[in-house]
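Please report on the aromatic contacts and nonpolar cores of this protein. Keep it brief.

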Amino acid sequence: MLIDLAQTLSLSVTPLSPVVGQEVTFTCTASQDITPGTTVFYRRNRLLVVDFTVTSTSCTSVKGGGGQNYTTTCGSLPVRQTSLTIPADYVTEDEHGTDWRCEIFLGAVSYTVQLTLSVPVSMVTITTDGVYRPSVTISAGNTRTFTCTTTASRPVARLSWFRGDNNITDQAATATDQDMGDDKYTRQQSLTITGRVNDVDSGLKCEAVNIEGRTSVSSQTANVIVQWEPQTDPILTRDPPTTTLTEGVSVTLTCQQTGGKPLATLTWSGVCSGTTPTESSDTTTITSRVLVSVNRTYNGLTCTCVSRHPANSYLRSLNETFVVLFGPDEVHFSGISGQLTETTSMNLVCLSNESNPVPTYTWMNGSRDLPVTSSVLEFDGVYNGKRTSQTWSTHLSRYDDGVVITCVVTSPDRSRHVSATTTLTVLYQPYITVASSPSSPVIEGRQLTITCDVDSYPDSSEFWSSPRSQPSPGTTQTNGVLVIPSVSRHDDGTYRCTATNSQKTNMLDIDITVHYPPDQMTITYNNNIGLYYHFCLSHRTS
């Protein structure tokens with residue numbers, strides 16, 4: 001029968017938290033002098049053939065067939081301890097949970113000790129979206145969740161999170177464990193990072209340890225990059241700053257965007273899309289410049305600076321619309337079709353090519369300004385300017401033939417002007433004037449010249465008709481001039497000049513009176529007749 005002296009016999013394990021693959025020693029210790037006898041060890045209530053023969057002066061051990069994998073030692077004399085050691089190679093998972101005790105044969109028995117083997121964490125992974133990413137970008141205001149997972153361990157691991165040198169474990173969610181059997185568990189924990197403006201890039205990792213005194217196992221590091229969009233809108237400036245430009249002027253557009261991490265990207269679109277920009281930047285600001293030589297094709301068109309940033313799909317744009325002054329360059333007339341004739345109305349249209357802004361019109365007859373009542377008409381141009389025209393109206397007369405009309409088109413600032421000139425050609429009927437030399441009455445026998453002067457366009461043909469059926473001898477008629485070398489009393493009467501052109505035939509008469517001496521003279525002494533003769537004689541000789 002066994003005597004229960006367990007309170008005087010104990011069994012301890014070294015180390016206290018043995019690990020698979022680590023040497024384990026069981027030590028059986030008596031708290032009082034041990035009566036010489038045999039000390040044995042039991043594993044799972046099975047006697048190991050390891051006997052310690054102990055006397056007050058010696059201790060020897062004998063390993064039988066069941067204990068060939070163990071080593072045994074005796075404590076210092078007087079003997080109070082005996083030890084059994086399992087070499088590291090034999091400390092396997094099979095030993096976990098085994099019950100051990102020691103006993104003095106037919107004497108004291110220790111309490112049972114259960115061997116618990118720890119399984120250290122072998123690896124820790126950090127993932128986001130189920131994948132490890134060496135670098136993770138987060139936009140300010142957005143979040144990213146990271147998950148830390150351990151391999152199976154015994155006991156369950158304790159996790160710690162580090163961002164840079166800062167322990168941020170208190171920001172992590174509650175860990176969850178998954179039972180992998182045989183008292184082993186995997187542990188998983190998530191941590192959500194919220195991006196904030198001015199966050200510094202830093203490495204994020206998690207560490208796990210499940211055995212006191214053992215070095216923590218660290219995950220790979222994920223570099224957390226927080227980016228944020230600019231907090232202000234971009235700025236677009238122009239040099240020269242004038243709102244209106246003239247053709248050929250070079251303009252520098254400067255677009256600046258301050259803030260953001262990383263810096264924004266600046267691009268140009270619109271009329272500046274084909275221009276190569278010059279860029280510069282410092283730690284806070286990016287600047288882009290384009291140089292544009294403007295002409296009329298730029299008028300009304302827009303150059304756009306676009307600022308883009310990957311954070312939160314940031315997109316801002318600024319527009320610069322060019323106002324280019326140009327023209328007028330060309331002017332011409334229209335409205336003169338066919339032949340102009342007197343007594344008709346004429347509408348002469350002066351047209352200017354496209355210009356900006358709308359020009360002014362001046363009409364002139366030589367150096368004299370002409371009154372114009374019509375307004376300037378405007379038509380949309382190709383380059384966002386205006387094509388213009390103005391009409392000068394007049395009622396034609398023969399006096400307008402050969403008149404020089406000038407249309408002057410002038411820019412509002414009077415820096416540019418162009419003009420067109422046309423000479424009017426007006427068709428009109430013959431206008432006749434007649435005269436004689438000498439003037440009527442004409443003394444018989446003298447030369448008579450009658451002139452028919454005609455104003456017409458086109459030129460007319462003129463001829464004279466006389467009161468005689470046959471002209472006086474030597475009479476000539478050339479270019480409207482009728483010459484009678486020696487006028488006779490028979491040439492007395494009405495002469496008619498007839499002038500004809502494409503417009504009309506006109507006639508004008510002139511009466512010629514020929515004075516000639518009487519054919520006979522009667523002389524009487526009657527006082528009355530004498531007075532009559534004297535009168536006639538005086539009249540004829542005057």
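This report covers ring pairs, charges over rings and nonpolar cores.

The model is predicted: local features need pLDDT of at least 70, side-chain atom pairs count only at pLDDT 80 or more, and totals for chains, interfaces and linings use all residues. Residues are numbered from 1 along each chain as its sequence is written, and side-chain values use heavy atoms, without hydrogens and water.

**Aromatic rings**

Rings of Phe, Tyr and Trp (its six-membered ring) pair if their centres lie within 6.5 Å; planes under 30 degrees apart are stacked, over 60 edge-to-face, the rest tilted. The count is five aromatic pairs. One of them joins Tyr428 and Tyr431, tilted, with centres 6.3 Å apart and 45° between the planes. Tyr428 is buried, at 6% relative accessible area. Tyr431 is partly exposed, at 29%. (Buried is under 20%, exposed over 50%, partly exposed in between, with a 1.4 Å probe and protein chains only.) Elsewhere, ring pairs link Phe333, Trp363 and Trp392 into a cluster.

**Charges over rings**

A charge sits over a ring if NZ of Lys or CZ of Arg is within 6 Å of the ring centre and within 35 degrees of the ring normal.

| Charge | Ring | Distance from ring centre |
|---|---|---|
| Arg101 | Tyr42 | 4.2 Å |

**Nonpolar cores**

A nonpolar core is a set of buried Ala, Val, Leu, Ile, Met, Phe, Trp, Tyr and Cys residues joined through side-chain atoms within 4.5 Å. The largest has 22 residues. Phe146, Trp161, Leu191, Ile193, Leu204 and Val224 have the most contacts inside it. Apart from this core lies another, of 20 residues, including Tyr70, Cys102, Ile104 and Leu117.
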